[in-house]
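Hi there,

Here is the structure I promised to pass on. Have a look at it first, and then read on for what turned up.

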Amino acid sequence: MDWLSIGRNIKKKRLAKSWKQATLAERVDLSECYVGMIERGEKVPKLETLVHIVNALDSTSDEILEGVLNRGYEVRMSEYIKLIGNLPKEEQNEIFEVLDVMLKHRRKRKK
């Protein structure tokens, strides 16, 4: 299990809420130090603790386990779709053009 990846995802979600470690720690009744160790992958929380963290962050287990799940790429793709969908059409088209070039280049390399 890649606990460092899980810890990074927890930290990313915490920072997206502009929370300090102390804020998350208080909401899940843990010490700030322990939250830091979880985020650095140094400590493995019990399942119950992990569920409390996921709920406090208003997240999903898929988002927190993104780098560990076999199908975690689907979570990342859905996040990209949301982000791109919120952009103006012109910027969306620019991103699609870059993707088209990258995919075309990849196909050439595989031949």
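Which exposed residues does the face of α4 turned away from its buried side carry? They are L47, E48 and N55, where exposed means over 50% relative accessible area, buried under 20% and partly exposed in between (1.4 Å probe, protein chains only). Helices are DSSP runs (H or I, at least four residues), numbered from the N terminus.

Before going further, a word on conventions. This is a predicted model, in which local features need pLDDT of at least 70 and side-chain atom pairs count only at pLDDT 80 or more, while totals for chains, interfaces and linings use all residues. Residues are numbered from 1 along each chain as its sequence is written, and side-chain values use heavy atoms, with hydrogens and water left out.

Back to α4, which spans residues 47-56 and has T49, L50, I53, V54 and A56 as its buried residues. Seen down the helix axis, these buried residues fall within an arc of 165 degrees, so they line one face of α4; the arc is taken from the directions from the axis to the C-beta atoms. Their cover includes α1 (3-16), α2 (21-27), α3 (32-39) and α5 (61-64). Just after α4, D58 has a positive phi of about 55 degrees.

Next, the core. The largest nonpolar core has 14 residues, and I10, L24, V28, L50, I53, L57 and I64 are those with the most contacts inside it. Such a core is a set of buried Ala, Val, Leu, Ile, Met, Phe, Trp, Tyr and Cys residues joined through side-chain atoms within 4.5 Å. At least two residues of this core come from each of α1, α2, α3 and α4, and α4 supplies the largest share, 4 residues. As general background, nonpolar side chains tend to be buried together in soluble globular proteins.

Not counting residues up to four places away in sequence, L24 touches I10, R14, W19, V35, E39, I53, A56 and L57, a contact being heavy atoms within 4.5 Å.

R14 counts as buried because its relative accessibility is 5%. Its side chain makes a polar contact of 2.6 Å with the side chain of E39. A polar contact here is a pair of N or O atoms within 3.5 Å; within protein, one must be able to donate a hydrogen and the other to accept it, and residues adjacent in sequence count only if both atoms are side-chain atoms.

Two loops deserve a glance as well. L30 lies between α2 and α3 and, at 23% relative accessibility, counts as partly exposed. The residues that L30 touches, leaving out those up to four places away in sequence, are A25, V35, I38, T49 and I53. E42 is in the loop between α3 and α4, and its side chain makes a polar contact with that of R40 (3.0 Å).

Finally, the largest pocket holds about 280 Å³ of space. Its lining is made up of R76, M77, Y80, I81, L83, I84, G85, L87, I95, F96 and L99. The elements giving two or more residues to this lining are α6 (72-85) and α7 (89-110), with α6 giving the most, 7 residues. For the method: on a 1 Å grid over the protein atoms alone, a pocket is an open set of points where a 1.4 Å probe fits, with protein on both sides within 12 Å along at least five of seven lines, and lining residues have an atom within 4 Å of a point. Grid points are joined across faces, edges and corners, and the volume is the space filled by probe spheres set on the points.

Best wishes
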